[in-house]
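Welcome to this guided tour. Please open the structure in your viewer and keep the selection tool at hand.

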Amino acid sequence: MILSITYTQPPATDLGYLLHKNPSRPQTFTLNHGKAHIFYPEATEERCTVALLLDIDPIDLARGKKGSSGDGGLFDYVNDRPYVASSFLSVAISRVFGTAMSGKSKEKPELAEMELPLQAKIMMLPCKGGEEIIYRLFEPLGYKVSVEGYMLDEKFPEWGKSKYYTVSLEGKVRLRDLLNHIYVLIPVLDSEKHYWVGEDEIDKLLSHGDRWLINHPEKELITGRYLIRKKRLVNEAFKRLLEASDVADDEDEENEPSQNDQTERKLNLNQQRLGTVVAVLKSVNAKRVIDIGCGEGNLLSLLMKDKTFEQITGVDVSYSVLERAKDKLKIDRLPEMQRKRINLFQGSLVYRDKRFSGYDAATVIEVIEHLDENRLKAFEKVLFKFARPQTVIVSTPNKEYNLHYQNLFEGDLRHRDHRFEWTRKEFETWAVKVAESYGYNVRFLQIGEVDDEFGSPTQMGVFTL
């Protein structure tokens with residue numbers, strides 16, 4: 001099994017400094033079940049490629065190591081493990097590139113923190129579920145992905161395609177991020193591990209998934225497969241992910257500009273957003289509220305703490321997200337009177353649903369930007385024509401404010417799952433048209449620190465009949 005990484009920015013041989021591996025000196029590392037060889041097939045000023053070749057002993061896997069206290073090998077004699085990119089390769093990456101994965105470089109510290117033009121190729125990667133999953137996992141991380149598939153047997157095409165692929169990734173990314181993405185996602189795609197998965201695997205996942213996993217649209221698939229679907233471990237991982245995300249501004253990949261005194265603690269943007277929603281709901285005397293696209297239940301949690309709200313409902317398209325909301329709200333442990341106030345159900349905001357009706361107010365917070373724009377018409381009819389609550393609160397990012405985020409380039413979106421982001425004019429044009437079409441009035445609020453030229457990071461429309 002081979003992993004190769006190519007750097008194309010002169011002097012390209014700086015790749016050796018970042019990996020702590022000299023391009024002129026091949027190296028071999030002894031692993032538990034084989035050897036890892038590091039060498040450079042090419043090393044010029046314009047282009048430098050490093051290759052990790054993993055040589056697994058198939059006899060050792062079947063029989064077990066000599067002198068081992070175990071009762072046998074890891075796998076049957078006939079298996080694909082010595083020849084495919086699996087958890088063995090992830091272990092090898094961690095073993096030979098561990099320092100690079102941490103982002104440390106004594107000689108080139110500034111380069112280690114830069115996004116670089118990098119290409120990676122993973123040979124013979126097993127993928128349970130087909131090549132579509134490969135795109136779903138890597139494309140949201142910003143990579144251009146190409147996949148080469150293989151027939152089970154070229155002499156017998158009727159047998160169909162194999163589950164093995166050669167995957168090429170290309171993008172402008174920090175080397176540490178590329179290594180960590182590959183480390184986590186190889187066993188996720190394979191959906192198998194060669195070692196016991198326990199509590200320490202949660203630490204590995206959260207360490208190597210730091211800052212990108214919580215915002216990945218396939219975080220449920222990644223977490224479930226990485227922890228081989230051990231429900232207790234998966235639940236604990238999501239609990240820790242959510243705790244970390246609350247500290248780091250919860251839903252969005254937003255880093256507040258640090259222009260103010262660092263000792264002055266401010267509410268993060270998500271807290272300001274949700275606080276404004278609650279204030280608006282109370283100002284219109286809403287008693288029955290439905291939160292469409294409720295996610296893990298952050299707004300529901302605030303509403304439950306206020307006895308003003310007599311009936312609270314959360315809706316999300318993802319069943320597993322609703323399960324986490326249920327855990328966060330501790331619904332099973334609530335007193336009976338409290339439990340009667342809260343209701344969760346699975347549903348889509350682009351399909352008419354009778355359960356959406358009968359509420360004083362509906363909230364749609366940081367949701368519409370996750371829809372394809374051609375689905376907005378369906379959303380408008382579902383909410384404003386058929387459900388028709390007295391008040392509708394819709395919030396969405398203000399695209400103009402993105403200039404304040406140093407980690408975003410021109411044209412980038414704040415979240416990898418956003419399908420669009422609107423300027424203030426675009427949002428107001430849409431909102432006014434919706435209000436006029438369905439008999440509502442609309443007013444606009446700005447959430448977060450307001451820039452005189454670019455407005456606030458979040459824009460909100462409050463629709464009332």
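Select Arg232 to begin: this residue is exposed, with a relative accessible area of 56% (exposed means over 50%, buried under 20% and partly exposed in between, with a 1.4 Å probe and protein chains only). A word on what you are viewing: this is a predicted model, in which local features need pLDDT of at least 70 and side-chain atom pairs count only at pLDDT 80 or more, while totals for chains, interfaces and linings use all residues. Residues are numbered from 1 along each chain as its sequence is written, and side-chain values use heavy atoms, leaving out hydrogens and water.

The side chains of Arg232 and Glu199 form a salt bridge, 2.3 Å from N to O (a salt bridge is a side-chain nitrogen of Lys or Arg within 4 Å of a carboxyl oxygen of Asp or Glu). This pair ties together distant parts of the chain: Arg232 sits in helix H10 (residues 231-247) and Glu199 in helix H8 (residues 199-208), 33 residues apart. Helices here are DSSP runs of H or I with at least four residues, and strands are E runs of at least two, numbered from the N terminus.

Next, select Lys340 and Glu336, whose side chains meet in a salt bridge of 3.6 Å, N to O. Are these residues buried or exposed? Lys340 is exposed at 53% relative accessibility, and Glu336 is exposed at 52%. For a salt-bridge network, pick Glu113, Arg174, Arg176 and Asp177, which are joined into one by shared partners.

Then move to Asp14 and Lys108, another salt-bridged pair, at 3.8 Å from N to O. They lie 94 residues apart, with Asp14 in the loop between strand S1 (2-7) and helix H1 (15-19), and Lys108 in the loop between helix H4 (98-101) and helix H5 (109-112). Asp14 is buried at 9% relative accessibility, whereas Lys108 is partly exposed at 23%. Across the whole structure, a search finds 19 salt bridges.

Now select helix H7, residues 175-190. Its 16 residues reach 23 Å from first C-alpha to last, close to the 22 Å expected at 1.5 Å a residue (the expected span is 1.5 Å times one less than the number of residues). Of the 16 residues in H7, 14 are buried. Just after H7, look at Ser191, which takes a positive phi of about 60°.
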